[in-house]
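Got the model open and wondering where to look? Let's take a walk through its charged side chains.

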Amino acid sequence: MEALLLSRWQFAITTVYHFLFVPLTLGLSIFTAILETWYVNCGSYEWRIKIKKLVKFFGTLFLINFAMGVVTGIVQEFHFGMNWSEYARFMGDIFGAPLALEALTAFFLESTFLGIWIFGWDKLSEKRHCLCIWLVAFGSNLSAFWILVANSFMQHPVGYAIEGGRAVMSDFLALLTNPYVLGEYCHALFAGLSTGGFVAIAVCAWKILNDEQSRESFISVMKIATVYTMVGLLGVLGSGHLHAQRLNDLNPMKLASFEALWETENPAPFAVVADINEEAGRNDFEITVPYMFTIMVHNSLEGKIKGINDLQAEAMKKYGSGNYIPDVKGMFWSFRMMIGVGGLMMLVTLLTGVLVYFTRIINFKCWLRLLPFLAPLPFIANSVGWYIVEAGRQPWIVVGLQKTAQAVSPNLTAGEVWLTLIGFTAVYLLLAMLALFAAISFIRRTHVTEEEG
Amino acid sequence: MDLNVLWFVLIIVLFTGFFVLEGFDYGVGMLLIGRKEYDRSMMIRAIGPVWDGNEVWMITAGGAMFAAFPHVYATMFSTFYFALFLMLLGLIFRGVAFELRGKYPSSDWRLGWDGAIVFGSLVPALLWGVAVTNLLQGLPIDAYMHYAGNFGDLLSPYTILGGLTFIFVFIFHGASFLMLRLGDEGLLLDLKRKSIKFGVIAAILYVGLMAMSIVSTDIMSKGFFGLSSFACGALCFVMAINAMYQGRAIAAFALTSMAIASTVVQFFVALFPRLMVSSLNPEWSLTIYNAASTPHTLMIMTVAAVIFVPLVLFYQAWTYRLFKARVMPSDLKHY
């Protein structure tokens, strides 16, 4: 029992840590590729020198982040066998394929062409070199697709049959066209763009304020970054909204727990804040906006949304007695934090965009001083977002098919998992500090000027 | 040939790719011990453009194992729980070190990360050797495919010899790769002298491992095939030492690669049709049939492998061609 709980903590910690780097990889790879495309197509000699330096500047930040993402990703792949062997047995026929395809089609591509990109500046023509970073960006984003195909099955199983006590794949295409994939993938992709863009804005702000000789270059980049981030944020908003609407059919328990909606209602209100009483299955206190939840889900004033208590009763009927309710308090507040932080990012990006496009942004020193401190925002939103995805399917590891408690490796002792849990956490903390130190010192000392070299 | 056998062959291909390619990366990593900063930078620069792509062979082999033989994946990874934890720590430090060592202008910073590369090359090399010999020897696996032992049970004179052999084989292989890639005469001369010594140690350990395998495993039950690839590997090492001595770098590298490939083939041939041997009851061994995915999944994966494995080989080969020029001191500006 304890090995189970510890394994869950270990997976949670290492996944969230891994997911700090993933969206930044998705976003910064495309951002760097856009900068290099600008370089290849730019006619002005002085600007070409500057843009090339900018490409290498953001490329270096991308590399530091990419390395962290890769090494922590291997840990996740190994985890499925190490701590969750019964999951691997039960699900291997389905889950293994996207994982293998991810390595075969995406990891090889991004790793190989990243190597060429780093060392191939003098060995390839400009256009081919630029193609390399686009292939890296494509590979990174393709890998996100495969892993979300795998994850979507856990949230909403499709295209399978149960044979000989395990889930087997009956329709590969159904796996790929799972409606859940589209929602998760678009949301993650746009979250990646917003993360990459927002970090770029923060870096630009620091450089504009503190590095006079590089100022003009970073003002130009900031102009691109604000638009890029805004596209990402609007995409996050739209895809998140559509995905939540689909959840009403695909995973109503998750949807109801977002909003701590205990009883089925039509029309359902939206709770802005709530004092959630999980034991009693109700909110002791709440401030609601009438109709709002129904409007968000159904685009109309009319429409039923099932409550947690009714869904629990349905689940008991279907799967036998047990608790089928996820951590409602955690879900409710994480969801609000995600939305709140996303909204804040949008305001910040909008204001920064106005300032950088229509004024001399260097006159707004306070704002520039503030922006670097806001860089953690996208990471907070990504982490709570991922928490919602994974906590929202509990107590299931694969909704309706296998419970998390049945999935853990039976040969593990609590002592073993304690040891690795502490080991991973300590090493991850150490590496985070070292990587952050390297990145910040690099940002401080690297100048982008018109001089060659 | 049914799909299960085909996937057995494909797993051999992936592991061969991994051990041959990542083998020299591990070797180069271990060769950094006791070297001065200039040497270290040159040696790391030699594998710089390719190590990351090489590591993906391991990730792909693991993923393919998951897809094709999920029970093996489940049993193997939970069996080697603590060993894999150590290996992951090594791989984490190593992967980050390659990117970070050049990102801060300080010799101490670089020295620290180079130490991490040594650790991250030595530990996986050792553990792969321990794992492979354990798999050959058999593990206490019960009727439910669960490991019924602990980390200590994985260590025995035979498996530790396996670990040591892997370390020196990779060091020799890494040295022969560097002989092909470095452009600094002084460094080459020094490496050549050392690599012959390492080659001799590797060959002796390898023959010792072969002898102990006859005693400790059921490798001879396969008759002639039981030992032929092993013998071929040993022969390759001896010839590689000779080629190195005569200064034929290409031949030396080709021979160490062949030796490693033969060893991988030998390992799987000895296991066939099993993938994990139960030492408690032969009936409880995991085979390519009782541990496999369904034909449907194997078919899909076969189509993907037939398309993408050649494609990967093609663009990785192109990478090696692109970076075929020897690494010169002037190349170090990237770091």
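Here is a short tour of charge pairs and a charged patch.

First, some ground rules: this is a predicted model, where local features need pLDDT of at least 70 and side-chain atom pairs count only at pLDDT 80 or more, while totals for chains, interfaces and linings use all residues. Residues are numbered from 1 along each chain as its sequence is written, chains are lettered from A and ligands numbered from 1 in the order in which they are written, and side-chain values use heavy atoms, leaving out hydrogens and water.

Side chains of opposite charge can pair when their charged atoms come close. Here we call it a salt bridge when a side-chain nitrogen of Lys or Arg is within 4 Å of a carboxyl oxygen of Asp or Glu. Over all chains, the count is 19 salt bridges.

Start with Arg48(A) and Glu126(A), whose side chains meet at 2.5 Å, N to O. Arg48(A) sits in helix α2 and Glu126(A) in helix α4, so this pair ties together parts 78 residues apart in sequence. (Helices are DSSP runs of H or I with at least four residues, strands are runs of E with at least two, and both are numbered from the N terminus.)

Now hop to chain B. Arg193(B) and Asp190(B) form a salt bridge at 3.0 Å, N to O, and they are three residues apart in helix α8, about one helical turn. Arg193(B) is exposed at 54% relative accessibility, whereas Asp190(B) is buried at 16%. Buried means under 20% relative accessible area, exposed over 50%, and partly exposed in between, using a 1.4 Å probe and protein chains only. Both residues belong to a network of salt bridges that also includes Arg35(B) and Asp39(B).
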